[in-house]
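Dear colleague,

Please find below a structure that I am handing over to you. I would be grateful if you could look through it before reading the notes that come after.

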Amino acid sequence: MGCPGVPHESAPDAGSRVEGTFIVNPVSDDRTRRPKAETETVTETLDRWSRLSQESSRFDPALYVEYDVKRGLRDLTGKGVVAGLTQIGDVVGSRVEGDSRVPAPGQLIYRGIDVVDLVDGFLAEGRLGFEETSYLLLFGELPDGDELRLFGDNLASYRKLPRQFVHDAILGMPSHDIMNAMARSVLSMYLLDKHADDTSIANVLRQSLHLISKFSMLAVYAYQAYLEEFCGKSLVIHRPAAELSTAENFLHMLRPNSKFTPLEAQVLDLSLVLHAEHGGGNNSSFTAHVVSSSGTDTYSAIAASLGSLKGPKHGGANIKVVHMFDDLKLNVRDWEDDEEIERYLLRVLDRQEFDRSGLIYGMGHPVYSVSDPRTVILRHYAERLAGEKGLAKEYQLHAKVETLAPQAIAKTRTVYKGVSANVDFYSGFVYQMLDIPQELYTPLFAVSRVVGWCAHRLEEIVSGGKIIRPAYKSVASRREYSPLEGR
Ligand SMILES: CC(C)(COP(=O)(O)OP(=O)(O)OC[C@H]1O[C@@H](n2cnc3c(N)ncnc32)[C@H](O)[C@@H]1OP(=O)(O)O)[C@@H](O)C(=O)NCCC(=O)NCCS
């Protein structure tokens, strides 16, 4: 991804010190302490084996239809197979009209409450909302004032990591990829926990609260380690502050001077609220269900969900959107020319442009059709921030692509339920305006979604109770084993 500038301002001089902050000299340029991989290239043998692997993995897609296999656990119209029951979140993209279901404006429901009402509620009371949302998702009820304070105090008291852990598990082996670093940290947290394998609800809840409170530390410290190791920046480690919320702590720990404005904290908090939960069927929450159903420990389940969220078709899409816009700006000269923008989008769909995946990132969703409610809220803040930051033209460009992309997709793909901008379409742009480095876009998603994962893990343990094990139809023909000689 390349080394960014330190967000907001240059890192302070090496060796300087502010309260609660430790800034050490950058290590020398000697990178030899990292093990060198010797087997990174694709050799001729690997190339040959990869062809074998491809040939033996491929089969006729018509077989999915022949055996009525729901590819991607979805039917031909994209509708998901019902694989479980949940009370945590609901994602609505259609409504019943007469005898059929028709596309409808999207709704996201947390424990029965429309997320739009939740957001309106805490904003009207001038509060941040992520902690309240977390309580609601985990316990099924809105907290009263005392409960909310108690919950916040608990998270603050858990927001600590042993010095040795930070040193060895996070700073000791930095990664270019912060999601990868976080997954490693989560697996390492198993070692710190005397009751790591205890799957009783009280213990899993304790582990969940530890993870929810510590995730912002795991993300930011891994990023600081990355900056120091790969970008030659000074190492900046701020301790979290007990009086700050999750969003505020994230900004405080990220920025060398720890400063942020109330609007920045509010927008980040809002983004965390909107990413916290998305039903049981989204890839990473379903992963939490699948892995938890085997009876394994909390750290293994959450590390698996992190791996899922990293994918560019899931949480990794927000960075892809930003990169796609960078590419679009290089290829489209007139940002107001709809036809030129459409030509670019069609080239993306035709795998001629950008990452050649054929995907327009930030567009489409397995459930939402007409609109994604999270996008509607984020778009409003994107426009407001863009106005304040003198980026109105960039916002206009986003708005144009938001209109043109669904039309381009409909021209080149079979779309049953409609395609519209998803949450990732504006989240990257918003994070850019908050001076959050790209490396942290998907980790920020994780800082929020870990709440949903934990709620779904708890629900799986309480109400699931059966190992998730779907069937696969074998389409291979039988044959005889042949002795080595004569093959
Ligand atoms: C999220 C996503 C995987 C959902 O795909 P899906 O469940 O197949 O969605 P639909 O059923 O509405 O798709 C209908 C068709 O349009 C295509 N399509 C949907 N969104 C598309 C996009 N953004 N770019 C290109 N094609 C897209 C699908 O591939 C499908 O065509 P296919 O049957 O030939 O594969 C898909 O929209 C996508 O990859 N989007 C880009 C990545 C992204 O932004 N992810 C974040 C999701 S929050």
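Predicted model: local features only at pLDDT ≥ 70, side-chain atom pairs only at ≥ 80, totals over all residues.

Domains. The protein chain is divided into two parts: domain 1 comprises 21-26 + 112-312 + 437-464, and domain 2 comprises 317-433. Their centres, taken over C-alpha atoms, are separated by 28 Å. Where the two domains meet, 14 residues of domain 1 are in contact with 16 residues of domain 2. On the side of domain 1 that touches domain 2, the elements giving two or more residues are helix H3 (115-124), helix H10 (262-275) and H18. Of these, H10 gives the most, with 5 residues. By class, this side of domain 1 has 10 nonpolar and 4 polar residues, and no charged ones.

Helix pair. Helix H18 (residues 441-464) also packs with helix H7 (residues 178-192), at an angle of about 40° and with the axes 8 Å apart. In this contact, H7 contributes Ile178, Met179 and Met182, which meet Thr442, Pro443 and Ala446 in H18. By class, the contact of H7 with H18 has 5 nonpolar residues, 1 polar residue and no charged residues.

Ligand. There are 22 residues around the ligand, and those that come nearest are Gly78, Ala317, Met363, Gly364 and Pro366. The shell around the ligand has 11 nonpolar and 7 polar residues, together with 4 charged residues.

Yours sincerely

Technical notes: Residues numbered from 1 in each chain as written. Axes fitted to C-alpha atoms, helices over the stretch in contact; angles between N-to-C directions. Helix = DSSP H or I, 4+ residues; strand = E, 2+ residues; numbered from the N terminus. Contact = placed C-beta atoms within 7 Å. Nonpolar A, V, L, I, M, F, W, Y, C, P; charged D, E, K, R; others polar. Near = placed C-beta within 6 Å. Domains from an automatic or database assignment.
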